[in-house]
Amino acid sequence: MDILQEWDSAGVGSYFKMTANPWKNGILDVKTIELICVGLNAACTNLQADGTRRHIRAALEAGATRNEILMVLKMASLLAIHSCSLGAPVLLEEAKAAGIEPTVKQATTPACDRMKAIGQWNTAWEPFYELDPVWTDQFMATAMDIYASNLFPPKVIELLSIAFDASITHLYAPGTRRHIRAALKLGATIEEIMEVLKVCVAFGIESCYLGIPILDEELAAFNS
C-alpha cells in the first residue's frame, strides 16, 4: 500500500476511504467484519493465502477465538456444495430427457431429518438428496454442526452466509436471497446486511495487494 500511495497519491485517498468505510461506521463490530473477511479470502472459490493470514491476525486482535475462526473456515469449505446445487438439477433434467431413470437408493438420513427439524433444510438440496441420500446425509452431518454449535448467534451465521454467496468470486443468487431473507427474519437490519455487501466490495483491494508488488518487481527487472 505504500507503493500505491507513491504511485497514485491523488486517487488512493478516496479508494481507501471507500474500502475502510465498514470498519469505521460502527454498524458491524470489527470482529464480525474480520471474520467475514477471513471467510471471503479462505472460501473454496478464492483461496487467497495472504489475505486469509492478514484477516485471521486481525480477527484474533479483535477478540475472535480459535474455534470461531475454525468455524468460519469450515463454512468456507462447505460452500462447495453449490456444485451440487447447480449440477444435480441439470443432471436429473438431462437424464430424464435422455430417457434414463436414476437408481432409487433407500437409506436412513438422520442428519437430513435433523436439518429439516431445525428449519435449515433447503429445497435446492432435494435433487442431490434424490440422487445420493447417503452422501447427502454425510454432508449434512458436517453442515449441521454450524447451526447446532451455538458458537455464533444465528443472525451472524446468516450474515456470514450472505458474504459467502454474494462474494465476487461466487455470486450465487439463490443462496444470497435465501440468507438475506433468513437474516431479516432473525432481526438483522437492512443497514447490517448492506454492510456485509460493502465488505464484499472492499475485498476488491486484494487485487492491489496481489498485483502491485508484482508490478513493482517487474518494472525493476524491465528497467535494469
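Okay, let's start with the second largest pocket: sorted by class, its lining has ten nonpolar residues, three polar ones and three charged ones. Before I go on, keep in mind that what you see here is a predicted model.

So how much space lies in that second largest pocket? About 280 Å³. There are 16 residues lining it, and the closest to its centre are W23, R54, H55, I205 and Y209. As for helices, α2 (9-24), α3 (30-42), α4 (49-61) and α13 (206-223) each put at least two residues into that lining. Which of them gives the most? That's α2, with four residues.

You'll find H55 in helix α4. Is H55 buried or exposed? Its relative accessibility comes out at 11%, and buried means under 20%, so H55 counts as buried. If you leave aside the neighbours within four places in sequence, H55 is in contact with W23, E34, C37, V38, N41 and E206.

The largest pocket has a volume of about 350 Å³. Its lining is made of 21 residues, and the ones nearest its centre are I81, H82, Y147, R178 and H179. By class, we have 14 nonpolar residues, five polar and two charged in that lining. Which helices supply at least two residues each here? Those are α5 (66-78), α9 (133-148), α10 (154-166) and α11 (173-185).

The buried residues in α5 are E68, I69, M71, V72, M75, A76 and L78. And what do they pack against? The buried residues of α5 pack against α3, α4, α9 and α10.

Now α9. The same sort of check: 16 residues at 1.5 Å a residue should give 22 Å, and the end C-alpha atoms of α9 are 21 Å apart, which agrees. There is a bend in α9, though, of about 30°, at T142. Buried in α9 we have P133, T136, D137, F139, M140, A143, M144 and I146. Their packing partners are α5, α7 (110-117), α8 (126-131) and α10. Have a look just after α9 as well, where N150 takes a positive phi of about 65°.

Finally, let's zoom out to the whole chain. How many helices and strands are there? The protein chain has 13 helices and zero strands. Along its principal axes, the C-alpha trace spans about 65 × 40 × 30 Å. Of the 224 residues in the chain, 40% are buried. And on contacts: take the ones between residues at least 6 apart in sequence, and 75% of them join residues at least 24 apart.

That's my tour, thanks everyone.

Notes: Residues numbered from 1 in each chain as written. Predicted model: local features only at pLDDT ≥ 70, side-chain atom pairs only at ≥ 80, totals over all residues. Heavy atoms only, no water. 1 Å grid on protein atoms, 1.4 Å probe; cavity = no way out; pocket = protein on both sides within 12 Å on 5 of 7 lines; lining within 4 Å. Points joined across faces, edges and corners; volume = space filled by probe spheres on them. Nonpolar A, V, L, I, M, F, W, Y, C, P; charged D, E, K, R; others polar. Buried < 20%, exposed > 50% of the residue type's maximum accessible area, 1.4 Å probe, protein only. Contact = heavy atoms within 4.5 Å. Expected span 1.5 Å × (residues − 1). Bend = angle between axes of the 7 residues up to and from the residue.
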